[in-house]
Each structure stands twice: as C-alpha cells, then as structure tokens.
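Trainee: I would like a close look at one residue in this model, and then at what surrounds it in the rest of the chain. Please keep to the details.

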Amino acid sequence: MLIAFNKPFNVLCQFTDRSQPPRATLAGFGLPPNVYAAGRLDYDSEGLLLLTDDGGLAHRLTDPKHKQPKTYWVQVEGVASEDKLQALRDGVQLNDGPTLPAGVKLLETAPTLWERDPPVRFRKTVPDAWLAVTITEGRNRQVRRMTAAVGLPTLRLVRASMGPHALGDLQPGQWREI
C-alpha cells in the first residue's frame with residue numbers, strides 16, 4: 001500500500017511524540033493502520049509525504065542510491081538573482097560537505113497553495129521569491145540550508161513531488177491511496 005498525504009505545517013512525521021506538551025503527529029489524520037513514513041518532512045515543512053506498509057518500497061523511495069528526485073516549492077526572502085540560483089544549481093558547500101547540483105527554477109508567480117496557519121510573516125520592505133528546487137539527496141533540512149548558504153533564507157517550504165508521485169489537489173491533512 002502506498003499513501004500520498006499532504007502533511008500540514010507543524011505536524012511530526014511520526015505517530016507518537018514524547019515531548020511535553022505533545023506536538024501534532026500523523027496519528028490525528030485517520031491514516032490506515034500499519035503504514036509508516038517513507039522518508040521525512042520537517043516539522044515546519046508542508047506537502048507531500050509518502051507512507052507505506054512495504055519496507056522494500058520505502059527503501060526504494062528514500063535510499064539515496066536510487067536518486068529519487070524530490071521537488072519543493074520554496075518561498076525565500078531576498079532577491080533571487082541569477083548568480084544565487086546558479087550557485088544552487090552548481091551545488092552548495094554545507095557544514096557536512098558539498099551538495100549535489102540541484103534543479104532550480106525561479107517561479108514567475110507563487111504556486112496556488114492553501115493558507116498556512118500561522119501565516120508567513122510579510123514585510124513590505126523585504127522582497128521574496130518562489131523557487132522550484134529539485135534534489136536527489138535527502139540530508140537533514142537540506143533545502144533550507146542550501147538557500148540560506150546563498151543568502152536566501154527559506155520562509156516556507158512545500159514538497160510538491162517525490163519521484164513520480166505528486167501532491168496534486170490534496171489539501172493539508174488529506175490523503176489518498178496511490
């Protein structure tokens with residue numbers, strides 16, 4: 001079984017949380033029993049999360065040697081100049097080593113998304129931009145660290161697709177079997 005789930009902002013990619021007070025988890029969304037996340041999506045990130053009850057499938061979806069592309073829509077703060085975009089395309093030096101080159105495209109308009117609660121802070125005097133970033137690695141907070149390294153801090157991050165699977169029209173908290 002493979003499930004596409006639109007993970008809301010500030011939800012953990014696990015079914016339990018031992019922190020006090022506990023945070024929202026996947027347990028609150030009526031997902032089928034015996035599925036688990038194939039990979040992770042940060043607590044403060046949104047979008048496509050794949051869940052499965054098949055360990056082999058989870059491995060094929062997440063193991064870096066299979067190089068499954070993951071595309072994110074990223075709202076960044078600042079002017080996304082061509083030299084900053086090219087730096088992302090070339091690969092960025094992070095504290096845990098260089099990243100592989102990324103596919104990066106400046107989006108002319110913001111993707112059509114749901115309202116986030118709480119909303120991203122808006123500042124009239126600070127420009128922002130939306131990027132489509134595709135990576136094949138899966139390091140901890142990688143896209144956020146990459147954009148920060150080129151001077152474009154991430155304001156909002158939404159995973160749009162993973163391999164051949166796309167978020168589509170799922171709203172936050174909704175899921176469908178693939």
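Trainee: Is Thr25 buried or exposed, and what is its relative accessible area?

Mentor: The model is predicted. In it, Thr25 is buried, with a relative accessible area of 12%; the cut-off for buried is under 20%. Thr25 belongs to the loop between strand 1 and strand 2. Its side chain reaches 3.3 Å to the backbone oxygen of Phe15.

From the loop, turn to the strands on either side of it. Strand 1 (2-7) and strand 2 (36-37) are among the elements against which the buried residues of helix 1 pack, along with strand 3 (46-52), strand 9 (154-162) and strand 10 (165-166). Those buried residues of helix 1 (residues 55-62) are Leu57, Ala58 and Leu61. They lie on the same side of helix 1, because the arc they cover around the axis is only 100°. At the N-terminal end, helix 1 is capped by Asp54, which has a side-chain oxygen 2.9 Å from the backbone nitrogen of Gly56.

Strand 9 is the next element to follow. Nine of its nine residues are buried. Strand 9 runs parallel to strand 3, with two bridges joining them, and there Glu46 has Val158 as its bridge partner. With strand 4 (70-77), strand 9 pairs in the antiparallel sense over seven bridges; in that pairing Thr71 stands opposite Ser161. The pairing of strand 9 with strand 10 is also antiparallel, over two bridges, and Met162 has His165 as its partner in strand 10. Two residues separate the strands in this hairpin, where Gly163 takes a positive phi near 60°.

Since Glu46 is in strand 3 and Arg156 in strand 9, the pair ties together parts 110 residues apart in sequence. Both residues are buried.

Arg121 is in the loop between strand 7 (103-107) and strand 8 (128-135) and Glu77 is in strand 4, so parts that are 44 residues apart in sequence are tied together. Glu77 counts as buried, at 17% relative accessibility.

By the rule used here there are ten salt bridges. Another of them joins Arg141 and Asp42, at 3.4 Å from N to O. Arg141 is in the loop between strand 8 and helix 3, while Asp42 is in the loop between strand 2 and strand 3, 99 residues apart. Arg141 is partly exposed, with a relative accessible area of 32%.

Next come the nonpolar parts. The largest nonpolar core has 30 residues, and Leu49, Leu51 and Val133 have the most contacts inside it. At least two residues each come from strand 1, strand 3, strand 4, helix 2, strand 8 and helix 3 (142-149). Strand 8 gives the largest share, four residues. Another core lies apart from it, with 17 residues, among them Ala58, Leu61, Leu113 and Leu167. Ala58 and Leu61 are two residues already named on the buried side of helix 1. As for Val133, its contacts beyond four places in sequence are Lys70, Thr71, Tyr72, Val74, Ala102, Gly103, Val104 and Val143. One of these, Thr71, is the residue opposite Ser161 in strand 9.

Last, helix 2 (residues 82-90) contains Lys84. Lys84 is partly exposed, at 24% relative accessible area, whereas Thr25 is buried at 12%.

Methods
Residues numbered from 1 in each chain as written. Predicted model: local features only at pLDDT ≥ 70, side-chain atom pairs only at ≥ 80, totals over all residues. Heavy atoms only, no water. Buried < 20%, exposed > 50% of the residue type's maximum accessible area, 1.4 Å probe, protein only. Arc of directions from axis to C-beta. Contact = heavy atoms within 4.5 Å. Polar contact = N/O pair within 3.5 Å; in protein donor to acceptor, adjacent residues only side chain to side chain. Core = buried A, V, L, I, M, F, W, Y, C linked by side-chain atoms within 4.5 Å. Salt bridge = Lys/Arg side-chain N within 4 Å of Asp/Glu carboxyl O. Pairing = 2+ DSSP bridges.
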